[in-house]
Amino acid sequence: MAVAPTPAERFIQGILPENPVYRQLLGLCPTLAVTNGLKAAMTMAGAVAFVLFCANIVTSMIRHLLKPHLRIVIFTLIIATFVTITDRFLAAYMYDMSKRLGPYIPLIIVNCIIICRCEVCASRQSVFTAGADALGQATGYALALASIASVREILGTGTLFGMQVLPTAWPNWVIMILPPGAFMTLGLLLGAVNWFEQRRSEKANSKRG
Amino acid sequence: MEPMAPSTLERLKHNYILQAWLVLMLALFFGASLAGVHLKLGPRIEQNKINETRKRIPELILGSAQVEELTKEGKSLIVEPHTVSVEKDGRKVFYTIYEAKYPDGKLAGWVAKSSGQGYADKIELLVGFSPSIETITGIFILDQKETPGLGNKIITVDWRQQFSNIKTVQPIQVTKTGAKDPNQIDAITGATISSRSVTRIVNTTVNDLRGPLTAMAANVKGK
């Protein structure tokens, strides 16, 4: 078996080489649903980052006690706890945002990014590595959400973070803030990331050859 | 030869409950911490909901056009909360009622807070009534966790508007074939259960409160 990745490797991998959205294609449901504005997308990314970090740390702390057939139950239990805390916190301190995100915050419980990180990294590696992994993946997820949300908000409403960035003469492409806009943006950005990645690996190969 | 009886230790090792000790401990611990979080944040969340309710009351009773006019004149409705208990199937049900008056003391209408089971979770909503309780002036959904894209369309203005100006004499009906009668509501495509749940909650609220509210309205007039 290959040597387990170091904390630094885990962190870097999460950002682009193993980006949860663009490379692993995980957690796409909230990615499509909450990216019609940058503010909502960043709140979502923050919530996921908190849950991912806490779940990875706790899972890693109890990794020696896990039994193979009971591990998924335990992951879900840990994730659900932190998601509920996040949900209550948002309802108490960011009420409007909590209403806007609606069920997508409770749905983080079934977000496959987090359970994937618990399974792949936290249940096998040290607390420090698991923490670095969570930070890397969370950064990657935030970048992915930010890129999609920026495109959609700018083209859809001419604003960014609620501030006007395009001239008011811009005819708002309403479709961009509707669900079809989410699919188109994700598809095009995904294609772009894959294209760059392919060119990069071709260059690397030709240098080696 | 008889099979060897497994030792007590061996049996304990295969006991499902014992194997799950970590799950049980974590569940207990997490449950306790969530209870703590709820104790700490619960009142604040309640307050947020009350604030939102109060913000919605004028629009719910008067409609946004009239509210704008009132605000232009520098006036606003005076809102006073009441609690009404209704005896139902041998137990008491409590409703929070908001009585809204014009600045000159004339009754503007009533808003009742109600809740009931939806498709996914509890739905909390507000129902606005005219001063005489004869018509529903509108509804507003405070809290819901219905299916995104289908059931959660119950919060849209377009759908909610159907409840405005419905008479309270007959119960409201949900139809999938296009509303014809004045007391019919179009169901949301793909979310019949959510549509029915909201309508059921509204109907129950009307049924429970028609009596108490009429009495209260008479009381206000009498003053």
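This briefing describes the sheet, the nonpolar cores, a helix pair and several single residues of a predicted model. Local features rest on pLDDT of at least 70 and side-chain atom pairs on pLDDT 80 or more, while totals for chains, interfaces and linings use all residues. Residues are numbered from 1 along each chain as its sequence is written, and chains are lettered from A in the order in which they are written. Helices (H or I, at least four residues) and strands (E, at least two) are DSSP runs numbered from the N terminus.

**Sheet of chain B**

- Chain B holds an open sheet of six strands in the order β1-β2-β3-β4-β5-β6, with antiparallel pairing; strands pair if DSSP finds at least two bridges between them.
- Because β1 (78-88) and β6 (166-167) of chain B each have a single partner strand, they stand at the edges, and one side of each is left without a neighbour in the sheet.
- Helix α3 (residues 21-62) of chain B packs on this sheet and touches β1, β2, β3 (107-117), β4 (122-129) and β5 (135-143) of chain B; contact requires C-beta atoms, placed from the backbone, within 7 Å.
- The direction of α3 of chain B makes about 155° with that of β5(B); axes are lines fitted to C-alpha atoms, for helices over the stretch in contact, and angles run from 0 to 180 degrees between N-to-C directions.

**Nonpolar cores**

- The largest nonpolar core has 44 residues, of which Val48(A), Val51(A), Leu52(A) and Ala55(A) touch the most other members. Such a core is a set of buried Ala, Val, Leu, Ile, Met, Phe, Trp, Tyr and Cys residues joined through C-beta atoms within 7 Å.
- Two or more residues each come from α3 (38-61), α4 (71-93), α6 (112-122), α7 (127-157) and α9 (179-208) of chain A, and α3(A) gives the largest share, 12 residues.
- Not counting residues up to four places away in sequence, Val51(A) touches Ile79(A), Phe82(A), Val83(A), Thr86(A), Ile108(A) and Ile114(A).
- Another core, of 35 residues, lies apart from it and includes Leu60(B), Val111(B), Ala112(B) and Phe140(B).

**Helix pair of chain A**

- α7(A) and α9(A) pack at an angle of about 130°, with their axes 10 Å apart.
- The two helices α7(A) and α9(A) are therefore oblique to each other; angles under 35 degrees count as roughly parallel, over 145 as roughly antiparallel, 65 to 115 as roughly perpendicular and the rest as oblique.
- On the α7(A) side the contact is made by Ser147(A), Ile148(A), Val151(A), Arg152(A) and Gly156(A), and on the α9(A) side by Gly181(A), Ala182(A), Thr185(A), Leu186(A) and Leu189(A).

**Single residues**

- Ile133(B), in the loop between β4 and β5 of chain B, has a positive phi near 65°. Ile133(B) counts as buried because it has 20 C-beta neighbours inside 10 Å; the cut-offs are 20 or more for buried, 12 or fewer for exposed, and partly exposed in between.
- Asn165(B), in the loop between α5 (157-160) and β6 of chain B, also has a positive phi, of about 65°. Asn165(B) is partly exposed, with 13 other C-beta atoms within 10 Å.
- Ser201(A), in helix α9 of chain A, is exposed, with 10 other C-beta atoms within 10 Å.

Technical notes
Contact = placed C-beta atoms within 7 Å.
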